[in-house]
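Reader: I would like to go through the labels used for this model and see what each one rests on. Please set the values against the cut-offs.

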Amino acid sequence: MRSEGEGFSENAPNSVILWMKIVDPTVTVPAFPKEADVRVLLPQGERFSDLRSRLLLDGILFREVRYLLEEETISTLNANGQLTVTFHPAGVSRPASAKARTLAGWAASAARDAFELMWQNHAVEEGVTFEFVPAEQIVPEGWLRYLPYPILNPAQAEAIPHIVSSNEHLMVVAPTGAGKTVIGMVAALRAVLEFRKKAAWLVPQRSLTDELNAELDSWRQRGLRVERLSGEYRVDARRVRDADLWVATTEKFEAICRTASLREALAEVDCLIIDEIHLIGDPSRGAFLEAILTRVHSNGPKMRIIGLSATVANAEELSGWLPARIVRVAWRPTLSTWQIPAVASSPDWSLVEGAKMRLTTAITRRFTADRGSVLVFCGSKRNVRRTALMIAASRGAEVYQLNPDDPDLVHRACAAVGVGLHFKGWEYKKEAEQAFRAREFDVLVATSTVAAGVNLPARAVIVQETEVGLKAIDIATVQQMFGRSGRVGAGESEGWAYLLVDDSERAAWQRRLLAGFRVNSQLHGSLPDHVLGEAVQGRIGSPADVEGWFARTLAYHQGNRDIHAVWRAIEFLIDSGFLRRGRHDGEVELVPTELGVLTARLMVSPYICHQLRTALGEVGVPNSADLAESRLIETIATQVPTLAHAGISEDLKPIAVELKLARGIILEASRRTHSVRSSAGSSAYSPGDLTIATLLTAANSPTSFLRDARYIGGIPYSTMYPILEEAPRYLHWLASQGILGTVHPWIAVVAADLGRRIRWRRCQPPRGSGRLLWMFEQMATPVYVDDVVPILWEAARARGLTSPDWTETGRPKDCKLGLLEYSALLRDRATGIVTGNGGEVVVTSSTIAVLVTWAGSDYLLAGPNRGRISVDFPADDTVERGAVTFTWRGDYQATGWLAEYVKSEPVPIRSDAGEL
């Protein structure tokens, strides 16, 4: 029999093996020839004591895997000596009818390699030691007080000397939980304290900026200026310029790169720390990171790159592109074991889904019985709620009559038995995080947000589904989820990770996990976005620039050298009005248009925006505000993919359709009962219906958006929330085109008003409030806007103000502008439109503005100019017409039916409101 130290060699075709994972203590090992390599993996525990005795008696090698769930046999003991694997579905809760599945070929090879990996991981290692080192031995004395611990773990002790002793780009490859944050801290400290420059720390998600920002609070207390930059926080340009360290999402850092006023501050950044650099292969955000790194390493040694990476299959290829030295960390903080339990496949997906939930509940029960914590990942918010309720029910909670879409009831039922929920828009998310960290909850059921963001480690991780939303889950996401298991900081020495699949996909997932995550460029999926971004920054201005930029990308480095794809992207940008082709000194020149600059600055997809603008151009010009808002909302809802496919559970779809058909008008009785009438046989749900229902409700029932509202029109506010956050980005893009003349003026005016009413929905603003809210945004300044706008709104409404056209010149209370800034703001408001004789429109403006006249779908633009501006109406006087003036700062005035958006209807004065 082969000695314990030997492994199976793929180059030994005559090897006879019998490898078994056993989870049933009554199973016996079949007869085998003397020369066979026989091994058994089995769980720990008293139940298996007899089996262990039999294995010892028979001289069979075995190793114990504490929470083994897989049951399979890998063997060549058959007539032709072929390698096969036979596995059983769902070892924890397998029904009697479940059948074993036997596979050969690559599937058997994957099973053999997975067994070998588990066998080696559970060996008792002797003579292997790793040292923990006092930080003072490696880190300069002046930096020590900024570090969270006085001792460096072996990973940190191995990587940090490379940080402090050289200036080259580095890529630190280490397992999840190895303490890469401290490595990043030292890199930032060197830039700030030694070189007196800035550092920028990029993280993949907003939730991580929160966590890292909290860890760096001690730096602020010691005098360093740390500025958090992410989508939900307003940017103060002065504070950004003054900061020592930026903590930013990838997208926010790219937005700073595209902002001309911050280019000088960007040039002061000495070190760029990339957390989770392997996410350059992520389909959703990887292209932005690739564009940033292409730009940085193209500039030579000006900015140092420190990449912090999980284990990836092609680390050498990625480091060769940067180029960077690889620092591979051998130390693993915990023993990590992954398994792929399978349930029986079925053409009825609901049966598979139900089986996975029952298996999740059984696995959870096993770990929590040993006082362990469990993190469950689901592919949708709906399944987060359903799974949490099933686990809660197994713990005695009364959930069977409970409405799964009522957040209060779900939270109370689950929290009472130690189960938390976590997903975007879930109002109890922070509470669940805190309770899970404090071990008040021992189960947390979440979407993938926790995997890439919040540091919430557990003893066990269960990935319940192989799809996230409508997309198949990728191997990088699975690895991130697995990485949450067994974190040292949570006091765990072992981590256990389970990916639940149906038996038809198990072999493929085994092979993917064994191969590891390979970082592949995602740039070609969004080339127009990044070509435009580079052009706006002045880095692409000629055909030679284009080819030089593309040659420096990861896509090109990995062999994807189709320059024609880049030229097709450029032709699209030119044809769509984002770039124009010109000539300078006889050479072809690529110049961003004003529309291109706007699109790049707002970080919206040129392709999606082109589709949106084209669709709106084909919509007839409305003749009323009601019709205009309906047409605008329907177009955005169907043309923007994230809005068209916004997540909604099946049982809410009829309610969304009903609310859409009611044009978002909610009766008082419906508001009290959290429901709307359900019409039997009403229209089927279509993509975009939830967005249409949500935005129409914000437009037509603003008083439904009370601060404590959990349901609006029968739909949970948490379901509406992602739409209410995303839609204003595209409305703002449309509104900003009023002064450019690139959309019909009705689109710009309605989008401006509607976008601000949606953004400030908790103020319950009626139609026509957009200008007043615009004024308050200017008065609040970006840093204080979230707190100050509601205060100014309440005070203004108490005085009966319906527009920003007041005559007083004194600076209002709570205004954050200085006297001179406030006086300038008053001058930058729009002035009234005066219609002259003979169809001419005349405007006298104290600020730079444009004047647009329209008749039907035709419109004429004059300006931009300051002072007197005049323009005729289009020739057709048989259709409805009007005029609009747009100022450079974002205000407007209008005639015709668009005058409804100049001011809002007054509301009753409240006696308790403050003064303006």
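Reader: Why is Arg757 called buried?
Author: In this predicted model, Arg757 has a relative accessibility of 2%. Buried means under 20%, so Arg757 counts as buried.

Reader: What makes Asp753 and Arg757 a salt bridge?
Author: Their side chains meet with N and O 2.8 Å apart. The cut-off is 4 Å, so the pair qualifies. Asp753 is buried too, because its relative accessible area is 0%. In an α-helix, residues three or four places apart point the same way.

Reader: Which residues are joined with this pair in one network?
Author: Salt bridges that share partners join Asp626, Glu629, Arg663, Asp753, Arg757, Arg767 and Glu900.

Reader: What makes the pair of Asp626 and Arg767 a tie between separate parts of the chain?
Author: The two side chains form a salt bridge at 2.7 Å, N to O. Asp626 is in helix 25 (residues 625-639) and Arg767 in the loop between helix 31 and helix 32, so the pair ties together parts 141 residues apart in sequence.

Reader: Is Asp626 buried, partly exposed or exposed, and how do you know?
Author: Its relative accessible area is 36%. That value falls between the limits of 20% and 50%, so Asp626 is partly exposed. Met390, in helix 13 (residues 381-394), gets that label as well, because its relative accessibility is 30%.

Reader: Why is helix 19 described as largely enclosed?
Author: Ten of the ten residues of helix 19 (residues 527-536) are buried, so the rest of the structure largely encloses this helix. Charged residues are among them, including Asp529 and Glu534.

Reader: What does Glu534 pair with?
Author: Glu534 forms a salt bridge with Arg295, the closest N and O atoms being 2.6 Å apart. Both residues are buried. Arg295 lies in helix 10 (residues 286-298) and Glu534 in helix 19, so this bridge ties together parts 239 residues apart in sequence.

Reader: What makes a set of residues a nonpolar core, and how many residues has the largest?
Author: Its members are buried nonpolar residues joined through side-chain atoms within 4.5 Å. The largest such set has 87 residues, and those with the most contacts inside it are Leu632, Trp733, Leu734 and Leu898. Helix 30 (residues 717-735) gives the most to this core, with ten residues. Apart from it lies another core, of 62 residues, among them Ala200 and Val478.

How values were computed: Residues are numbered from 1 along each chain as its sequence is written. This is a predicted model: local features need pLDDT of at least 70, side-chain atom pairs count only at pLDDT 80 or more; totals for chains, interfaces and linings use all residues. Side-chain values use heavy atoms; hydrogens and water are left out. Helices (H or I, at least four residues) and strands (E, at least two) are DSSP runs, numbered from the N terminus. Buried means under 20% relative accessible area, exposed over 50%, partly exposed in between (1.4 Å probe, protein chains only).
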